[in-house]
Amino acid sequence: MKKNKIDLYNMSSYFVLLAILIVFGIGGNNFLTLKSLYATANNGSAQILIACAATFGLLVGIIDLSVAAIGYLSGVVAGMMLHLYSVPYPVAFLAGVAVGLFLGWINSLLIVKFKMNGMLVTFGMMLVLRAVGRIFTNDKTITLDKVKPLRQARIDALGGLQISLIVLIVIIVALQFVLKYTAFGRRLLLVGCDENVAKRIGINADRVKTQALMIEGLLCGMAGSYFWIVVQGSIVTSGLNGYEFLAIAGAVLGGVSLLGGHGSIFPGAVIGSMVLLYLASGMANMGIDLFVTPFVRGIIIFVAMYVDALRTRKMMGNKLG
């Protein structure tokens with residue numbers, strides 16, 4: 001009986017996603033077509049990857065509010081290199097990823113080495129990075145014609161599947177492999193579950209946290225300098241605004257614990273993010289008032305928090321038992 005309950009908790013995001021697809025598939029207009037499903041996933045690819053990035057912080061018990069801002073500044077750096085200096089796109093992309101990796105290291109330095117509060121550090125970082133990005137762009141929208149070929153690349157034989165989605169799938173598979181089948185993934189979960197136990201068996205918890213935050217920054221850099229600017233085809237000053245909350249909510253909705261030590265990339269953060277994406281898409285498809293979407297999204301997030309609390313309580317009970 002206990003095993004079935006735990007399975008239900010872990011499967012809840014699947015049930016919610018299935019319900020959304022059924023409801024909006026029946027009531028919407030061509031909602032369940034491949035073109036529509038692809039478009040929603042592609043447009044939300046940055047959100048999905050940022051949720052995957054936030055998962056690495058959450059697994060070691062760090063709620064990082066700067067994930068979207070890191071993606072934003074990384075995208076700004078890559079986009080401005082394309083716009084001002086006409087560098088080849090791979091160079092601009094690598095520069096954006098390097099920015100994300102560096103900012104992840106800065107976060108780890110402040111949080112892990114100097115023992116500063118993670119939420120306060122990343123909240124301050126979020127404000128600073130967004131200000132820097134707006135200074136770089138002079139607070140203006142910049143069109144990026146050079147990313148147009150990447151934006152339009154798709155495979156017609158698969159119903160028009162965008163190349164960017166294939167790249168995203170490859171990244172997700174790689175991240176899930178790292179978490180589930182490598183020693184680093186096991187150390188990550190152990191540190192998040194019980195840092196003191198991890199230290200007693202010889203794991204350098206500070207190093208694991210640093211690595212987690214640097215991977216987080218790296219993924220945010222990829223999200224901003226590829227999935228954001230390529231899908232949008234431009235740099236906008238409000239780019240990725242609010243995605244930090246959507247990313248964390250998506251991860252928690254997918255079963256990633258806010259207290260650390262439990263969660264996955266897939267189904268975890270990916271399915272949780274897809275719930276939020278298809279919810280918004282379905283409501284727009286049915287012509288529901290735009291301002292209703294945040295309300296419904298908020299209700300789902302509250303439910304996700306409640307399920308996370310139940311899951312955590314159950315895990316704590318099993319430990320004590």
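**Exercise 1.** Does Tyr 278 count as buried or exposed, and at what relative accessibility?

*Solution.* The model is predicted, so local features need pLDDT of at least 70 and side-chain atom pairs pLDDT 80 or more, while totals for chains, interfaces and linings use all residues. Residues are numbered from 1 along each chain as its sequence is written, and side-chain values use heavy atoms, without hydrogens and water. Buried means under 20% relative accessible area, exposed over 50%, and partly exposed in between (1.4 Å probe, protein chains only). Tyr 278, at 6% relative accessibility, therefore counts as buried.

**Exercise 2.** Classify the ring pair of Tyr 226 and Phe 227.

*Solution.* Rings of Phe, Tyr and Trp (its six-membered ring) pair if their centres lie within 6.5 Å; planes under 30 degrees apart are stacked, over 60 edge-to-face, and the rest tilted. For Tyr 226 and Phe 227 the centres are 4.7 Å apart and the planes stand at 85 degrees, so the pair is edge-to-face. Both Tyr 226 and Phe 227 are buried. Ring pairs also link these two with Tyr 89 and Phe 93 in a cluster.

**Exercise 3.** Describe the surroundings of Ser 45.

*Solution.* Ser 45 lies in helix 3 (residues 45-59); helices (H or I, at least four residues) are DSSP runs, numbered from the N terminus. With a relative accessible area of 0%, Ser 45 is buried. Leaving aside neighbours within four places in sequence, Ser 45 is in contact (heavy atoms within 4.5 Å) with Leu 168, Phe 227 and Val 231.

Key. Helix = DSSP H or I, 4+ residues; strand = E, 2+ residues; numbered from the N terminus.
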